[in-house]
Amino acid sequence: MKKRIKFIFFAINWKHMKKKTFFVFLCMFCFQFLMANSPTQDETVEFQNLEIEVVENQSITKVIVGKVTDKEGLPLPGVTVVVEGSTRGVITDLNGKYSIEVKPIDKLQFSFIGMTTKIVPVENLTKIDVVLKEKSESIGEVSVVAFGKQKKESIVSSIETINTKDLRIPSSNLTTALAGRMAGLIAYQTSGEPGQDNAEFFVRGITSFGTGKVNPLILIDNVEVTTDDLSRMHPDDIQSFSILKDATATALYGARGANGVILITTKEGKEGSAKISFRLENSFSSPTKEIELSDPITYMNMANEAVKTRNPLNSIPYSNEKIDNTILGTNKYVYPTTDWMNDMFRDVAINQRANLNISGGGLVARYYIAGSFSQDNGILKTDNKNNFNSNIDLKKYLIRSNININLSKSTEAIVRVQGTFEDYTGPLTGGGDLYKKTLNVSPVRFPAYYKPDETYQYAQHTLFGGFDQGQYMNPYAEMVKGYRQYSKTMMLAQFELKQDFGQWIKGLTARVLGNTTRYSSFNSSRSFNPFYYNIASYDRNADIYNLMQLNPEKGTEYLDYNPGSKDVSSSFYSEASVMYKNNLAEKHEISGMLVFIARNAITGDATDLSSSLPERNIGLSGRFTYAFDSRYLAEFNFGYNGSEKFDKGHRWGFFPSLGIGWIASNEAFWQNGLKDIISKLKIKVTYGMVGNDAIGTERFFYLSRVDIGGGNGYQFGSDFNGNYEKGVKISHYANSDIGWEIAYKSNLGIEVGLFDGKINILADIFKERRTNILQVRADIPQTLGLWATPQVNVGEANGHGVDISMDYNQTFDNHFWIIGRGNFTYARSTFRFYEEPDYTEVPWISRIGMPISQQWGYHAERLFIDDADVLNAPRQDFGEYGAGDIKYKDMNGDDVINELDKVPIGSPTTPEINYGFGLSAGYKNFDFSFFFQGSGHSSFWIKAYTMAPFIQSSSDGQILETGLAKFIADDYWSEASQNPQAKWPRLSNYHISNNTQTSTWFMRDGAFLRLKSVEIGYNLPESLVNKAKLKSCRLYVSGTNLYNFSNFKLWDVEMGGNGLGYPLQRVINLGVNISL
Amino acid sequence: MKKNKYKIILVLTTILLGLTGPSCNNYIDVVPDNIPTVDYAFNNRNEAEAFLFGCFSFLPSHINPNSNPALLSGDEVWLIDPIYGFDPILWGIAKGEQGTNEPLANYWTTYQGGTNTMGGNRTFTGLRDINTFLENINKPFDLEEWERKQWIAEAKFLKAYLHFWLFRMYGPIPLIKENIPISANSEEVQVYREPVDEVVAYIVSLLDEAAEGLPIKILDTTSDLGRPTKAMALALKAQLLTLAASPLFNGNSDYAGIIDNRGVELFPQEYKAEKWQLAADALKTAIDVCHEAGNELFDFNSSIYSKNLSDSTILAMQVRGAVTERWNSEIIWGDSNSNPDLIQKLCHPTFFAPQAGGDIKQCYAPTLRTVEQFYTKNGVPIEEDKDWIGVDLFGIRESGKADRYYINEGYKTINLHYNREARFYGAISFDGATFYGDGHQNDDTQLLYTNLRYGYGNGSFVSDRHSSTGYLVKKLVHYLTSCPQTNANIITYRYAFPVIRLADLYLMYSEALNEVKEAPDAEVYKYIDLVRNRSGLLGVKESWQNFSTKPQKPATKEGMREIIHRERMNELAFEGERFWDLRRWKMAEEYMNKPIMGLNVLEKEPEEFYKPQTLFDMTFEKKDYLWPIKQSELSRNKNLVQNLGW
């Protein structure tokens, strides 16, 4: 039998609810192969020709009906239903339904290829609905581990796997779903801007203070990818999502695994007819909380005060006449009170996402193909005079094709092709920048734009508000004057070959894999120069104003083009492995594996010679496991890696790890009664080393980086065009002693199952010691005259913590089920050794023993009461200060406040505690779930420098003037009310650097608890679904970031000090998921 | 059939493993040979020359106000904040914002690659590079001996100048005689600040060695003008010895307690008069060598435009020309590398409406005390001039025809602006002042004039481009710098800013002789009078005798000292000399504890505009004489002693 070309092609059209028509065109991977014969043909035939025999029975028979579904509730057609011990049986129909005649003493056996067989005693039931679980991929039985899968029971390392359903949140960025979902993962998100909203995440915190990589290694189908690639993954395509936390779990990755590993496998096709699943979501997002600005009248009064309070001789910026007329509301263009936030931002943005996947296959080949599309819109307003749209519009497309082909009974080839594409248009400087700009403009100088007066009534352009010569920044003009576009592509092609040598040696398999990933991106922008206007004269009686153009020479009505950057890079990865697995004498389970990897990455936009050279990594790793009687487990792993970054003597690193485990619940003594309560108890201990070569920004530590002719030059000659040459620049001094950063990790874990697995608890206590952390030499004085401070790897850090996860799972009858889950992570990392100057006299400056993201700052006591108070206090070494400015504590008593008085203040900036908990429940066709997420033990600082009101600064030839946040207006030190504890010090119209030092004054607690998500779903009743020829159809409403509990009220606390950034979004989402 | 397939797969696997397997070490050996190292810099003459130029690049930009603290960190000029397109970092020193956390003009610890340089430069890196150069300059195979000798001398001159630059700021400094290897241990790199006398002696020895190998004159001026000459080395030596003889470093008891952990006293506590003699000798030698090299006081009559100009204009242009005329005869060391572009944009007034939005910044404003400090036309201070007794300095009157070369005819301005010495008119743009230049070189009958009142006339009042005092510096603008009527942008004419010019040496020589001698004599008067005569002033003795209320002043040592000080401040105004002079004379406390004054620039009407205003209450303490060393550097090197008061 010959299989011919299979070609799958589909297109979907649907109407968007808001008049827009979307067109998604997905041309999926087409593949072609020819095969001479199919060795598995017989089996297929056997299946299809299964005899259906109904045998008369003497005793009472009855008809049982029912439906067989998979765990997602999709009907399973073709399931074999037989009476156990006989040949009587039926096959389920297209809707997964069956009916069979049985006797009460019979037991029904449900089996389906790829699913675990289930046996149900008939007894007195008349209807038996069965849910079959997937066999091989079932998370309950085997778990994904480094370079393979392992029986979950026998794993001793610390691996956390998440149900992919939990990653399904209404966001097109997968990383935003991670916070609080998994024990051991610290994650937070600081911006809600489409395209810029990746969450930061770390496995068990950050235990290095080097300048290199501290993020976990991310692998999709064994291939290293970037955070951006992870963010674009669609949860529907994910088969498993795990994080590998301890040394034993990550040792195989040797060079790359020190910061933990996120391991994702994508779905593969399963035998059976094509399963089509389609999901459509439409969501409404709006900021969780925006910073409040004060009213314009207060603004003007306080702006005047800011000038007078610092220098009574200076004239006030806003006259009484202007203030009075603004209060009266005389003319909103002449006496503007501009609400920039309102002029620029909408309340709600509407986003769409769609995902389609088709899977199926026969015994020869299986396929999983998926396409997804998402469109995220920003919340910026657009100007109706422009025919372009400068609002953020980010479209992401993703196609994926995973094809498994059985080349022979023991050989499997897998081809994976994936492409992700991003198209973006948005404002010139990004959405976050526009938010910043709204707080960098006065609300009363000019409106966003003027209604044309008589002179300019025929002007073709928008009459933007401006001041003076038009150099005052108008954020509205900045927003609509142009747009930026970018386009990003990631293409990944992967070939994998698996060979089972079981014919010759039982349990021996081998695998080779090759992958290439190509990235490319480019961006460009187009903009015009706005014309700015201001009021020239105003006739109060007639209420008529005349405008004047401020920048007639500079404005343009046509667009200019600015080319942007173009980035290309490519990487090649290959992997070969041999595995052996066997049971000896029944009780001894052994396995062994050797993996060889090589990775090569080059970039097309290198800036110098050393960055143009390929980045390479090479390694041999192995895993050997032994299990005795499913009770005693032992595992040895190693990674042996080479890195091109180091000198020949330090190039290779060997990273072994060892783990042992004891499954107490499998002991004989456990079976007597204890098993009913504690169904499972496993204790495991691991210890090992993991390396890290991404330890700094330097490419080759053992070489100096010298740029001959790259230094500064000098010009001679009478006409300044004579002898000119450029000198040498040294960016790095050679140091052949620099080698691997090494993490020594230990983990003590316990796994407990209670009440027949209804409650599962995983708990780990971990400890880590990082050595050889790269740091700059701290005791080299500048008088040595080096171009660059030498680096050495002498730093050491400690890490410790716990992570606990717990879930509870119960089905009360066939109609009601409940799943609860929670997790908690505490991770603290501290400096163990840090080379620093001798701080014995000022021990509080020393970092040793302090958390890695600890901040040092001044201890603010209060605000100075008056000038006498200032004179009596130690001198503060930050320039001008006086009454109403912040008074700092003199820690060393030397009567001067300077660097030596900095103390560790607050908690670290990276939260030390992350936790999440939630509940899902279902009743008949309804399901409901909610999830809370929280974080604790972190501090952040209100950025006093950027928040300080009334300060003019120049940027890109424009004048910015900071606005007035309401919390400042509400509580500040003034000569009228000299409150030494006021939230904001004495006003000023220029920076008082005394007040903008990092200090306890602006420190805030970053802890919060957030109602992260709520979802209500409804599965349409079968009758309805069947009529529409569907398998299932689920409608759901979900919401994220719905409510936040925190002591900090000014903006979303998760954004930290970045209060003027693009706010995090609260999303309400409507979705439908259809299977056919 | 089946077996074949297995074989194929096996072979494929083996090949894949085989391809990647055995060549592991080669695989990660990605670095090709010949990647550049410092050694390549001395392989041949061209590379070595580039290295030498790299050493030169560590010289501060003398005419950049964000590099040279002497330009705007004192009481001579006052700015506004913000200024369009310019952040005056070093102005913070004038405003009392110097500190140990982030010192301004930090030439000690500014680290290369740092984003915020705080107006400093990595001087010690420069010194290390110079030493590297001196260590390796015997290597290039194709370098001729005479050139090697000259380059070594140049490198030594640079080494001396960078030490001098640090010494003037910090006082005692570590001497970077040779490089400490990078592999040195922590103790070896912890250097000491050496005492003043040792520092001076070392720099002098470097300059003596340099003078040996440097040429008298640069022959190939087109390609090499600006390179060190013998005159430069000797002038610098004279400057250094004068500094060392001055009250700040010569027996200054304020610094009595500055002793390092070796017990070494860093400042000499004994006043030594012979230091002035050393200075005088060095100055005489330097002046002689300068004359030999062809240096003489600049005369604007030698300019190609001078023939159609009035005497008044020529006189006003004498000193402005001595600074801005490209490579004029007076320049001993001209900075060929720093372009006086920014400074001219800061100084240039706007004359026409479009310029209000261009890159002219017009904010480099002399303080009222600088305006008052210039002599009257009689060559004596206003407060001593007999003619000026009872004159209301701020009394307004209309200008007449006689004033037309200096003041716009028929313009209402104050008495302070009338009847001043020519250098005043050449140095300062005031309200109603004529402006020679900007497209009017050939003819001074229709000169442009500056109107600096609020919202008036040519320059509209722009909030980030205006004078804070009602005055602008004119002296640093070349007359060929142009900003046409229809143009918003200015085209600045590049000149070589004089780091050292002859008048400076003359006045210093007078000063040193005055200190050496019991009482001033003809030799003392000779050099100061040369400078005065050039700008149309009578000699010191005559002027004081004829016009001063204190006619005997030039006869006493103290009186003459005061006169020489005032002369230096007038002659060298806005050239970055006053800043160091006031410190050197230990007079900064007297001058800089007075408020900074200006006119009322927010007013339109003369009656209001000409009311003096306090702009800033300036304070200067003992600690401000010398720079603070950054706190972090003291933490790293416990052998360093912080300067007094920081």
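**Chain B and its interface with chain A**

Chain A and chain B bury about 8200 Å² between them (accessible area, 1.4 Å probe, lost on being put together and summed over both), and carbon and sulfur atoms give 59% of this area. On the side of chain A, A:Tyr714, A:Phe720 and A:Trp787 lose the most area to chain B, together 10% of what that side buries. This is a predicted model, in which local features need pLDDT of at least 70 and side-chain atom pairs count only at pLDDT 80 or more, while totals for chains, interfaces and linings use all residues. Residues are numbered from 1 along each chain as its sequence is written.

Contacts
- The interface brings 93 residues of chain A into contact (heavy atoms within 4.5 Å) with 101 residues of chain B.
- Within chain B, 70% of the contacts between residues at least 6 apart in sequence join residues at least 24 apart.

Fold and dimensions of chain B
- Chain B has 23 helices (DSSP H or I, at least four residues) and 12 strands (E, at least two).
- Its radius of gyration, taken over C-alpha atoms, is 29 Å, close to the 26 Å from the globule rule (2.2 Å times the number of residues to the power 0.38) for 646 residues, so chain B is as compact as a globular protein of that length.
- Along the principal axes, the C-alpha atoms of chain B fill a box of roughly 120 × 65 × 50 Å.

Surface and charge of chain B
- The accessible surface of chain B (Shrake-Rupley method, 1.4 Å probe) is about 22800 Å², and 50% of it belongs to carbon and sulfur atoms.
- Chain B carries 67 positive (Lys and Arg) and 85 negative (Asp and Glu) side chains.
- The centres of these two sets, with charges placed at NZ of Lys, CZ of Arg, CG of Asp or CD of Glu, lie 4 Å apart.

Notes. Chains are lettered from A and ligands numbered from 1 in the order in which they are written. Side-chain values use heavy atoms; hydrogens and water are left out. Buried area is the accessible area (1.4 Å probe) that two parts lose on being put together, summed over both.
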